[in-house]
Amino acid sequence: MRKHFVVLMLVLLLMAALLPMAQAQEATPDPALTAADYLVRGDEAMARRNYRGAVTEYSFAIQLEPESVDGYLKRAQAYIAQNTLDLALADYQQAAEIA
């Protein structure tokens with residue numbers, strides 16, 4: 001019985017950890033804002049050390065302007081701050097392909 005409780009608690013903790021990521025993926029940019037607006041918001045999030053928020057803002061900028069080298073470079077920096085180097089490398093490669 002105790003083992004089932006521990007497994008259930010681990011599953012609930014995992015679900016709670018993954019929920020914010022799922023919500024971020026479902027989010028869409030506000031059509032009233034431009035890619036430049038989202039870059040500024042990402043910079044502000046980086047200054048506050050809110051790296052997850054910065055990734056979201058830079059991602060919105062990229063959605064609005066997929067050829068934005070700045071968007072990819074800035075998001076790569078946010079990924080580095082989160083130690084997700086594989087994602088940072090992918091963004092650096094994408095920026096290089098665009099440039």
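Mentor: Let us begin with a term: a residue is buried when its relative accessible area is under 20%. The model is predicted. In helix 4, the buried residues are Gly71, Tyr72, Arg75, Ala76, Ala78 and Tyr79.

Trainee: What makes the buried residues of helix 4 line one face?

Mentor: Seen down the helix axis, they fall within an arc of 160°, so they line one face of helix 4. These residues pack against helix 2, helix 3 and helix 5 (85-98).

Trainee: Why is Glu57 called buried?

Mentor: The cut-off is under 20%. Glu57 has a relative accessibility of 13%, and therefore counts as buried. Glu57 lies in helix 3 and touches Tyr38, Arg41 and Gly42, leaving aside residues up to four places away in sequence.

Trainee: Which residues have the most contacts inside the largest nonpolar core?

Mentor: They are Ala54, Tyr58, Ala61 and Ala78, in a core of 13 residues. Helix 2 (35-47), helix 3 (51-64) and helix 4 (69-81) each give two or more residues to this core, and the largest share, 5 residues, comes from helix 3. Ala54 touches Gly42, Ala45, Met46 and Ala78, again not counting residues up to four places away in sequence.

Notes. Residues are numbered from 1 along each chain as its sequence is written. This is a predicted model: local features need pLDDT of at least 70, side-chain atom pairs count only at pLDDT 80 or more; totals for chains, interfaces and linings use all residues. Side-chain values use heavy atoms; hydrogens and water are left out. A nonpolar core is a set of buried Ala, Val, Leu, Ile, Met, Phe, Trp, Tyr and Cys residues joined through side-chain atoms within 4.5 Å. Buried means under 20% relative accessible area, exposed over 50%, partly exposed in between (1.4 Å probe, protein chains only). Helices (H or I, at least four residues) and strands (E, at least two) are DSSP runs, numbered from the N terminus. Contact means heavy atoms within 4.5 Å. The arc is that of the directions from the helix axis to the C-beta atoms.
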